[in-house]
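Work through these exercises with the structure open beside you. Try each task before you read its solution.

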Amino acid sequence: MAFDSATGRFSLAGNMITLTERAAAQIRELHASITEPDSLLRVFVDDGGCDGCGNDYHYGMAFDEPKPEDLVAESAGLKVLIDPRSLPLIQGSVIDFGEGPGATPNFIIQNPNAQKTCGCGRSFS
């Protein structure tokens, strides 16, 4: 982790989160359609899994304004916000965009820290 004096934030060294080119292209397209151009992609983990899966956590992604405690990772030319609580749970993950469950285009998170995942890929333990 390194402190960036220009932004007053800590940046993550290395690829704590990796976006594939397909994911980055989809994120850029989504970001172009929102009204807050200064917002960044936030990747986070919340408590609770999908119904019936018995998992402890679920993934979330949203465009958001940076918060003072956020860590900033960079991948595929995009900055990604990660809160300190989520980092150890998603560190090293790869985010792709492609055919998800049910042949639906979706973001797919490959998390090396997950012991088990739900069939939909949105929750894990």
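**Exercise 1. Find which residues I17 touches, leaving out residues up to four places away in sequence.**

Solution. 
- Step 1. Bear in mind that this is a predicted model.
- Step 2. Locate I17: it belongs to strand β3.
- Step 3. List its contacts. They are S75, I82, I90, S93 and I95.
- Step 4. Check how covered I17 is. Its relative accessibility is 1%. The cut-off for buried is under 20%, so I17 counts as buried.
- Step 5. In sequence, I17 and Q91 are 74 residues apart. In space, their C-alpha atoms are 6.2 Å apart.

**Exercise 2. Describe the place of S75 and what its side chain meets.**

Solution. 
- Step 1. Find the element. S75 is part of strand β6, residues 71–75.
- Step 2. The relative accessible area of S75 is 8%, so S75 is buried.
- Step 3. Collect the contacts. Beyond its neighbours within four places in sequence, S75 is in contact with I17, T18 and L19.
- Step 4. Pick out the polar pair. A polar atom of the S75 side chain lies 2.8 Å from the backbone nitrogen of L19.

**Exercise 3. Work out how β6 and β7 pair, then find the residue with a positive phi in their hairpin.**

Solution. 
- Step 1. Recall the general rule: strands of a sheet pair through backbone hydrogen bonds, either parallel or antiparallel.
- Step 2. Apply it here. β6 and β7 pair in the antiparallel sense, over 5 bridges.
- Step 3. Take one bridge as an example. E74 has K79 in β7 as its bridge partner.
- Step 4. Turn to the link. The hairpin has 2 residues between the strands. A76 sits in this loop between β6 and β7.
- Step 5. Check its backbone. Most residues other than glycine have a negative phi. A76 is not a glycine, yet its phi is positive, about 50°.
- Step 6. At 24% relative accessibility, A76 is partly exposed.

**Exercise 4. Give the strand order of the open sheet of 3 strands, and say which strands stand at its edges.**

Solution. 
- Step 1. Read off the order. It is β3-β8-β9, and the pairing is mixed.
- Step 2. Find the edges. β3 (17–19) and β9 each have a single partner strand, so one side of each lacks a neighbour in the sheet.
- Step 3. Note the twist. From one strand to the next it averages 25°.
- Step 4. Inspect one pair. β3 and β8 (residues 93–99) run parallel and are joined by 3 bridges. In β8, I95 is the bridge partner of L19.

**Exercise 5. Decide whether N111 is buried or exposed, and find what its side chain meets.**

Solution. 
- Step 1. Locate N111. It is in the loop between β9 (105–110) and β10 (123–124).
- Step 2. Find the backbone partner. A polar atom of the N111 side chain lies 2.8 Å from the backbone oxygen of L89.
- Step 3. Find the side-chain partner. The side chains of N111 and S93 make a polar contact at 3.4 Å.

**Exercise 6. Count the helices and strands of the protein, and give their pattern.**

Solution. 
- Step 1. Count: the protein has 2 helices and 10 strands.
- Step 2. Read along the sequence. The pattern is β-β-β-α-β-β-β-β-α-β-β-β.
- Step 3. Of the 125 residues in the protein, 36% are buried.

Definitions and conventions: Residues numbered from 1 in each chain as written. Predicted model: local features only at pLDDT ≥ 70, side-chain atom pairs only at ≥ 80, totals over all residues. Heavy atoms only, no water. Helix = DSSP H or I, 4+ residues; strand = E, 2+ residues; numbered from the N terminus. Buried < 20%, exposed > 50% of the residue type's maximum accessible area, 1.4 Å probe, protein only. Polar contact = N/O pair within 3.5 Å; in protein donor to acceptor, adjacent residues only side chain to side chain. Contact = heavy atoms within 4.5 Å. Pairing = 2+ DSSP bridges. Axes fitted to C-alpha atoms, helices over the stretch in contact; angles between N-to-C directions.
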